Amino acid sequence: MRMYSRQAEGYFELRNAATRQTWRVEPTEYLTERQAGVMLTRPDMILQFAHHLRDMWKLKGHGSIAVYAHVKMSLNARPMQALVRPDADLAAETLNLLAPDAWVTQLTTPLSRI
């Protein structure tokens, strides 16, 4: 049996380079607390949500939108750390199933031994 604990918090920042407008989007504006909690711990879901936001803003007439995720996560009682590079435009990224994604950060704190 595999056991782990994950906790995450975060928000998304959308930017329109042409108009210099920015928007801060809380995941709970579109998802339930539980859905947002799960999504923020899964890089593939973070990317999917970022693409959803990009598409929604495009439908609203905002043109080309960049989407940045500011997500911190704790895995197995480690201190919170960035899960996604905050400078990575997720609107332009794709999910790579065969290799690690460059926009996902690596764990920096080893698991402490009890």
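The following paragraphs lead through a predicted model of a single protein chain, from its overall build to selected residues.

The chain contains 2 helices and 4 strands. Read from the N terminus, these elements follow the order β-β-α-α-β-β. The C-alpha trace extends over about 55 × 30 × 25 Å along its principal axes. Of the 114 residues in the chain, 32% count as buried. The accessible surface amounts to about 7700 Å², and carbon and sulfur atoms account for 53% of that area. Among contacts between residues at least 6 apart in sequence, 56% join residues at least 24 apart.

The interior comes next. In soluble globular proteins, nonpolar side chains tend to be buried together. In this model the largest nonpolar core comprises 25 residues, and those with the most contacts inside it are Phe 12, Leu 14, Ile 46, Trp 57 and Leu 90. Two or more residues of this core come from each of strand E1 (6-16), strand E2 (21-25), helix H2 (43-59) and strand E3 (66-75). Helix H2 provides the largest share, with 7 residues.

Val 84 lies in the segment after E4. With a relative accessibility of 1%, Val 84 is classed as buried, because the limit for that class is under 20%. Beyond its neighbours within four places in sequence, Val 84 is in contact with Ile 46, Ala 69, Val 71, Leu 90, Trp 103 and Thr 105. The C-alpha atom of Val 84 is separated by 8.8 Å from that of Tyr 68, although the two residues are 16 residues apart along the chain.

Gln 81 belongs to strand E4, which covers residues 81-82. Gln 81 has a relative accessible area of 14% and is therefore buried. Its side chain reaches the backbone oxygen of Gln 106 at 2.8 Å. Apart from neighbours within four places in sequence, the residues in contact with Gln 81 are Val 71, Lys 72, Met 73, Thr 105, Gln 106, Leu 107, Thr 108 and Thr 109.

Other residues lie at the surface. Arg 20 is located in the loop between E1 and E2. Its phi angle is near 65°, a positive value in a residue other than glycine. Arg 20 counts as exposed because its relative accessibility is 75%. Leu 98, in the segment after E4, is likewise exposed, with a relative accessible area of 84%. Together with Leu 95 and Leu 97, Leu 98 forms a nonpolar surface patch with about 400 Å² of accessible area.

Charged pairs complete the account. Side chains of opposite charge can pair when their charged atoms come close. The structure holds 5 salt bridges. One of these joins Arg 15 to Glu 13, with the closest N and O atoms 2.8 Å apart. In this pair Arg 15 is partly exposed at 33% relative accessible area, whereas Glu 13 is buried at 18%. Another salt bridge links the side chains of Arg 42 and Asp 44, at 3.3 Å from N to O. Arg 42 is partly exposed, with a relative accessible area of 30%, and Asp 44 is also partly exposed at 30%. Asp 87 forms a salt bridge with Arg 85, the closest N and O atoms being separated by 3.1 Å. Here Asp 87 is exposed at 54% relative accessibility, while Arg 85 is partly exposed at 31%.

Technical notes. Residues numbered from 1 in each chain as written. Predicted model: local features only at pLDDT ≥ 70, side-chain atom pairs only at ≥ 80, totals over all residues. Heavy atoms only, no water. Core = buried A, V, L, I, M, F, W, Y, C linked by side-chain atoms within 4.5 Å. Buried < 20%, exposed > 50% of the residue type's maximum accessible area, 1.4 Å probe, protein only. Polar contact = N/O pair within 3.5 Å; in protein donor to acceptor, adjacent residues only side chain to side chain. Contact = heavy atoms within 4.5 Å. Patch = residues over 30% accessible without salt bridge, like charges linked within 9 Å, V, L, I, M, F, W, Y side chains within 5 Å. Areas by Shrake-Rupley, 256 points an atom, 1.4 Å probe, with all protein chains shown as cover. Salt bridge = Lys/Arg side-chain N within 4 Å of Asp/Glu carboxyl O.
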